[in-house]
Structure formats: C-alpha cells, structure tokens
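Have the structure open as you read.

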Amino acid sequence: MGFESYVSQMPVAEGKSVQQTVELLTRKLEILGAEKQGTFCVDCETYHTAASTLGSQGQAGKLMYVMHNSEYPLSCFALFENGPCLIADTNFDVLMVKLKGFFQSAKASKIETRGTRYQYCDFLVKVGTVTMGPSARGISVEVEYGPCVVASDCWSLLLEFLQSFLGSHTPGAPAVFGNRHDAVYGPADTMVQYMELFNKIRKQQQVPVAGIR
Amino acid sequence: MSGVRAVRISIESACEKQVQEVGLDGTETYLQPLSMSQNLARLAQRIDFSQGSGSEEEEAAGAEGDAPDWAGAGASADQDDEEGLVKFQPSLWPWDSVRNNLRSALTEMCVLYDVLSIVRDKKFMTLDPVSQDALPPKQNPQTLQLISKKKSLAGAAQILLKGAERLTKSVTENQENKLQRDFNSELLRLRQHWKLRKVGDKILGDLSYRSAGSLFPHHGTFEVIKNTDIDLDKKIPEDYCPLDVQIPSDLEGSAYIKVSIQKQAPDIGDLGTVNLFKRPLPKSKPGSPHWQTKLEAAQNVLLCKEIFAQLSREAVQIKSQIPHIVVKNQIISQPFPSLQLSISLCHSSNDKKSQKSATEKQSPEDHLYVLEHNLHLLIREFHKQTLSSIMMPHPASAPFGHKRMRLSGPQAFDKNEINSLQSSEGLLEKIIKQAKHIFLRSRTAATIDSLASRIEDPQIQAHWSNINDVYESSVKVLITSQGYEQICKSIQLQLNIGVEQIRVVHRDGRVITLSHQEQELQDFLLSQFVMDLKVAVRLWFSFPVTSVKIFQKAMFYKIANGVIFVDHSKKFSGIKWKVGTLFIKWSCLCLHLALAYYDFFPEQNFDLKCLQTNYKHKEAITSKNVYLAFETFHFI
C-alpha cells in the first residue's frame with residue numbers, strides 16, 4: 001500500500017528563522033482549508049560498517065541508515081545509500097545493539113524532523129523542522145496524495161498543489177520518481193527521499209541566515 | 001578154569017592227590033592229603049556260629065556232604081592247614097575261633113541262667129510285662145465305619161479351617177490397608193479431571209483458566225488433603241471420601257452474574273445494595289464425587305469474578321456519552337433514556353448466616369439468562385483468542401500478538417490499518433449492544449401485539465423469523481382485512497430491528513428508518529392501517545329478487561327490502577337498500593362509510609355519482625327468484 005508522497009526541503013526565507021518560516025507555511029495551509037491532524041516525526045541514525053570487517057580492502061565502510069516514521073509506528077526502516085531498503089519490526093533496533101561488532105553508530109549522527117500534519121481532502125501535508133542535536137537545520141515538507149499509487153500518474157498534480165502553497169520554491173522531480181516511473185510506490189521510497197534530504201542537510205554546515213539556495 | 005586168567009583189578013581212589021609240583025623230568029610231587037583231624041579242623045573253621053538255626057542245618061547238610069571228602073581230603077587238610085595258617089595269623093590253632101565262639105556262647109548262657117535264677121526269687125529283680133494296648137473289643141462294622149468317617153472328616157475340616165483362617169487374616173489386613181489404597185485411587189480420579197502438582201509434601205492443584213487463555217491474576221490453587229479422621233471400628237459412612245480439597249477462601253460458595261433491565265431508575269440511595277438472590281445450585285451429575293462439585297463451583301466463582309472485573313475495568317476506562325456507574329458489585333448503565341441495565345455479581349457463600357439474610361428475593365424474571373450466557377461465551381472467546389494459532393507466533397521467535405499485527409511492522413502498515421486490526425469493542429460494549437437489541441425487540445413485539453389486540457379490523461399479522469443475529473432480528477408484518485386477504489396484499493412490511501433503530505422496508509421498495517421510540521413505531525403502523533383502506537374491494541352481493549319489472553330503460557328488481565334499478569345499458573343509475581336489514585359482512589372501514597351514504601328512502605333515487613363506481617352485474621333468472629349479483633369497486 002503506498003500513497004504517493006514527495007519530500008522536499010523548503011529553504012528558509014530571508015531574514016527569518018526556521019521557526020518563523022514554518023509558521024508561515026502552516027498559516028498558509030490553514031488559510032487554504034487544511035485541518036490539523038496531530039504531529040509526525042521522522043528520525044534517522046547512521047551506522048557504518050566496523051573497521052574489523054573491512055580486512056585488507058581499505059575502502060571506506062558503507063553507511064547504513066536506520067530510520068523510523070511515525071506514520072508507520074510499528075515499523076523500522078534500514079537502508080543503504082544506493083542499495084536496498086529493509087522494512088522491519090521495531091525489534092530491529094534491539095538487533096542493531098547485538099550487531100555492535102559489525103555496525104558502529106556514527107557519532108552525533110541522529111537527525112530528525114518533527115512537525116504537524118495537515119489533512120486537505122486527499123492530500124496530507126507534513127511540515128517539519130529538521131533538527132540535528134539541539135540546532136534546527138532546515139525545513140522538510142512532505143506531501144502525500146492518497147488515491148494514487150503509481151508515481152508517474154500524479155506527479156503533475158502534486159507539483160501543482162505544491163506550487164499553490166510553496167510559491168516559487170517548488171523543486172523539480174526527484175530522482176526516485178525517475179527511476180521507477182510506473183512501479184507501485186511504497187513507504188520505502190518515502191524513506192529514501194527522507195534519507196537524501198537528511199544527507200543534503202547534513203552536508204550544509206549551518207542554516208544560512210541570508211541567501212537563497 | 002582152564003584158561004581164564006585172573007584179571008588184576010587195581011582200585012584207585014577217585015580223589016587223586018593234588019599235584020604240587022611237576023619236576024623237570026616228569027616226576028610229579030604230590031600233596032599229602034589232609035589227615036582226618038586236619039580235615040575236621042578245616043570243616044570246623046567253616047562253621048559260622050553267628051548264623052541261625054536254619055543255617056546250621058544247611059551247614060550240617062553241607063558238613064555231611066563233605067564227609068566223603070574226609071578220606072580223600074586228608075591230603076588237602078595239610079594244604080588247608082597251611083592256608084589256615086596264612087589266614088589266621090593271630091591264632092595258629094584252627095579251632096581257635098570255634099573255641100572263642102563256644103566260650104562266648106557259654107558266657108552268655110551263664111549270664112542268662114544267673115538272671116533267670118535271680119528273677120525266680122523275685123527278691124532283687126522282677127519281671128514286668130510290657131504294657132500293651134488292650135485289644136479293642138470286637139465291634140459292629142457300622143460303628144467302625146462311622147468312627148473312621150468322623151476322623152477323616154475332622155482331618156478335612158482342619159485343612160479347611162486353616163485355609164479360612166488365612167483368608168480372614170488377609171481380609172482384615174485389606175481392611176486396614178483399604179484407606180491407604182483408596183486415597184490413591186481417588187487421587188487418580190482427581191487427576192483425570194484437574195491439574196495437580198506436588199510441592200514439597202503438599203499436593204496442589206490449579207482451578208483457574210490460565211492454561212485456557214485467561215489473564216486474570218488470581219492464583220486459583222487448591223490443596224488436596226488426606227481425610228484421616230476415620231474410625232475403623234465404627235461403620236464407614238456411605239459418602240466417605242478419603243480425599244478432601246481445600247479451596248481458597250474467596251472462591252467459596254456459588255456465584256452468578258445477574259443481568260437485568262429495569263424501566264425506571266431506582267434512587268441513588270439504593271445503589272450498591274446487595275441484591276443477591278440465591279440461585280439453587282445446578283444439580284451435579286449423580287455419581288460425581290463431592291470434590292468435583294466443590295471444585296466446579298469454585299471455578300465458576302472465579303470465572304464470574306473475572307467477567308465482572310473485566311466489565312468494571314471497561315466501564316471505568318471507556319468513555320461513553322452517559323458514563324457507567326460502578327458501585328460495589330453492580331455496574332449500571334443506561335442504554336436508552338429511561339432504561340437501566342444493571343449487571344451485578346451475586347456471590348453467596350455457603351454459611352448459614354448469609355442464607356438467612358437472603359430471604360428478600362428479587363423477582364427472578366428480571367434476570368436475563370440469555371445475556372448471562374452470552375457473557376460467559378464472550379469471556380471464553382476472549383480466552384480462546386489469547387491462545388489461538390493466530391496469536392501463537394510462527395516462527396517461535398516472533399513476538400506474541402495477532403498474526404496481522406506481527407506483519408504490520410515488516411509491511412509498514414499505517415495508523416488506519418493498524419486501528420482496523422485491533423478489535424475496538426470490549427465486553428461491556430458488546431453486552432450493552434445486545435441488551436439494547438433485546439429490549440428493542442421485545443418492545444416492538446409488545447407494540448405490535450397491543451395494536452393487534454386493540455384494533456379489530458384491519459388485522460395485523462407478524463411473522464418473526466427464527467434465525468436471528470445477536471444484534472439484529474427481523475419480522476414481517478402484514479396488514480389485511482378479514483375475508484379479503486388475497487386482494488389486499490400490498491401492505492407488507494419487513495421490519496429489521498437493529499441495536500438502536502428499526503428499519504422498515506415497504507413492499508414497494510421504500511425504506512424508512514425509525515428510532516427506538518415506541519410512539520414512532522405505533523404511529524407508523526397506524527398510518528399503514530389507513531393505507532390499507534386505499535385498496536380495491538370487490539364485493540359480491542346477491543339478493544333474492546321477488547319480482548322483476550322490465551321497462552324500456554330500466555329494470556326494476558324488487559327485493560325483500562327495497563328496489564334495485566338497473567339500467568338497460570348496464571349502467572348503474574340507482575340503488576336503494578336498507579342499511580339495517582341487509583346482512584352483509586362489512587369488514588372494511590370504507591364500506592362503513594359507503595353504507596352511511598345510503599339510506600333507504602322509498603321515494604328518492606339516490607345518486608351514486610358522487611362515488612366512482614364501476615360495476616358489472618350478472619343476473620340469473622330462475623323460475624321464482626332472480627338473483628342479482630354485482631360487483632362494485634369502491635375507491636376512497
């Protein structure tokens with residue numbers, strides 16, 4: 001079962017802080033007619049393969065991301081950068097503790113986004129603040145279109161909807177859609193998008209006070 | 001004489017001398033035969049003095065036979081002598097043994113002579129006869145047989161008595177050991193019904209439903225004790241059992257869940273009063289031991305406690321529009337306004353004190369047995385769910401829970417799907433829904449019955465369906481007029497009675513939803529009665545006609561109470577008849593109305609054009625009477 005959803009990063013407006021931008025967005029949504037429906041949270045932890053298993057290869061260890069999404073409260077997602085995504089039970093976290101010898105958690109790598117979710121007819125919009133530690137690093141916007149399951153069918157509709165409240169900041173089509181246009185969308189694809197978003201945010205050092213990206 | 005020479009006859013004894021030696025030149029050396037004395041010695045040696053007289057005779061005969069040997073045996077006597085010398089080395093004399101034997105015989109004879117002489121004097125020695133059993137006097141053979149039989153019987157009796165004694169000894173031993181062995185067999189029987197385990201030197205059992213899936217925290221252990229207060233001397237009572245069970249003190253007595261619906265809410269002050277009504281214990285199966293009934297009763301108490309605990313927990317936790325009241329042993333909720341459902345746990349212990357106080361008996365008709373039974377079923381279903389294969393995980397390392405819940409992680413179910421998996425209704429909600437349905441159904445039935453008894457025509461019929469759901473029943477209602485059932489088929493209603501609403505499906509397809517209000521249903525049914533009047537009625541009347549007058553345009557039929565005019569063109573122009581005297585069964589309200597229009601006015605023609613009438617009539621003219629029958633269709 002997959003609803004189409006698209007994750008994008010909302011750049012921070014000039015002269016404003018993250019919080020203010022978020023407030024702006026939410027107000028826009030409420031004016032649009034969306035109703036608030038609680039909160040959401042997506043978090044991500046990074047693990048890299050332990051040095052002991054590398055042997056003489058000398059290559060850098062692969063990074064593995066373990067993510068949780070409050071939309072799927074009983075699941076846990078584990079994915080590699082370009083590799084497969086595993087959907088598991090919440091006992092997976094306990095398993096990672098057991099696999100300490102093979103996967104070591106990267107320091108200060110926990111990144112998460114929290115915010116409110118809004119329901120607007122068939123659309124579900126989630127606006128969240130991306131935080132790494134105590135500092136807010138950016139804004140994530142996720143739009144989910146319920147009825148559609150195939151990526152290529154509803155991309156234009158999503159884009160139009162995004163334009164209506166994001167204004168000029170609408171980004172282009174994400175890579176995920178490009179890969180599998182006609183395949184059925186699943187929650188793993190959402191998590192891949194979040195992972196890419198988090199990586200992007202992690203790479204940028206600080207929230208730019210001024211400057212548009 | 002002349003010439004026969006005398007023959008020399010040499011006589012030679014037969015017994016030749018034995019050859020001692022044959023010389024080298026052929027000369028023989030002969031043994032000298034025994035002399036007479038030597039021979040006698042030899043023979044004397046051969047006498048055995050120890051043998052009896054019989055043998056002496058033989059010996060004598062043998063000795064005589066040897067006599068002719070004497071002469072010739074003289075030579076051998078020497079040889080014997082030598083032999084005798086070789087044999088009797090201790091005594092060289094061959095007569096030695098003879099002499100010894102004779103001497104000893106003499107000694108013995110002397111002794112005997114001495115003894116006899118002393119005994120003869122009777123001074124120092126007397127002879128006493130050896131006592132002998134007196135010979136029994138000669139008796140009759142029958143008495144002898146009797147005595148012998150008696151003796152043999154006595155011998156047989158002895159053997160039997162010995163055997164009997166052994167048996168009685170073993171029986172008494174059995175009696176003593178009976179207690180010990182019976183306890184074990186009773187314990188075996190107990191074990192066939194209940195789970196037992198040995199802890200230290202105590203035997204404990206488990207009464208709870210935990211192994212059947214219950215999650216109630218009561219331990220439910222009972223103890224098995226040996227009944228040792230038995231007096232072997234006294235008679236063992238009939239229902240004696242060597243085994244006794246001790247159940248936990250809070251499970252004593254009997255309990256049941258009383259579910260009742262009351263119309264008016266009682267005062268708040270009455271809440272919480274112990275409304276026990278001691279139900280007679282269900283009869284235990286004959287032949288089942290007393291511990292079985294005791295344990296079953298205790299288990300029932302435990303189950304009732306669990307049901308009540310579950311209900312009260314839900315009553316407190318679940319939010320509902322009208323909150324439920326939980327007081328002491330009663331849960332009160334209001335499914336409908338002005339209706340009160342009370343579920344109470346009635347636990348009566350066995351002691352006499354409570355029996356006295358339970359004299360105030362509440363009406364048992366209040367109690368809805370169906371709901372109590374359903375409560376038991378629901379809790380058992382809940383138990384089964386805990387243990388079902390859907391719950392038991394495959395693989396065994398997976399967490400407990402519903403199968404689909406286990407899959408919801410790996411398949412990334414979202415919140416809606418997870419909510420749909422979890423059963424949302426608790427025990428209390430289910431029971432309240434069932435109670436609502438029962439109440440609504442009984443009230444619908446009462447409404448229909450009251451209408452049926454109140455209104456005589458048209459008639460209302462209700463056909464209740466046998467197969468109903470816990471939350472839904474259905475009834476088919478027909479409104480007909482008597483005698484015209486075939487015609488008026490259009491009023492058929494199907495009422496589906498749900499939990500809170502009644503859905504009515506009309507024959508022509510209209511669906512109407514009524515609420516639980518009683519008045520609404522009543523009004524609706526009454527409206528249906530009125531609908532029934534809008535129906536086509538075909539009436540046949542026949543009148544005996546006394547005379548017929550045929551005119552140009554009309555025909556006059558004179559009937560007993562009036563005149564009927566019939567037009568030639570078969571159009572109805574006038575009809576008169578007397579209301580009171582015509583006896584036609586009117587069952588329709590419309591005809592009552594129709595008849596009211598008609599009066600018998602002999603002078604007037606009454607115009608029927610105010611009513612739409614179609615008619616056709618038939619006439620059958622017989623010799624004497626004309627029967628006129630016509631149909632009318634009346635529509636109002």
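A:Phe123 is buried, with a relative accessible area of 11%; buried means under 20% relative accessible area, exposed over 50% and partly exposed in between, using a 1.4 Å probe and protein chains only. This is a predicted model, where local features need pLDDT of at least 70 and side-chain atom pairs count only at pLDDT 80 or more, while totals for chains, interfaces and linings use all residues; side-chain values use heavy atoms, leaving out hydrogens and water. Residues are numbered from 1 along each chain as its sequence is written, with chains lettered from A and ligands numbered from 1 in the order in which they are written.

Now for the pairs. Rings of Phe, Tyr and Trp (its six-membered ring) pair if their centres lie within 6.5 Å; planes under 30 degrees apart count as stacked, over 60 as edge-to-face and the rest as tilted.

| Pair | Centre to centre | Between planes | Type |
|---|---|---|---|
| A:Phe123 and A:Phe161 | 4.1 Å | 5° | stacked |
| B:Phe336 and B:Phe439 | 6.0 Å | 45° | tilted |

A:Phe123 lies in strand β8 and A:Phe161 in helix α3 of chain A, so their pair ties together parts that are 38 residues apart in sequence. Helices (H or I, at least four residues) and strands (E, at least two) are DSSP runs, numbered from the N terminus.

Over in chain B, B:Phe336 is buried at 3% relative accessibility, and B:Phe439 is buried at 9%.
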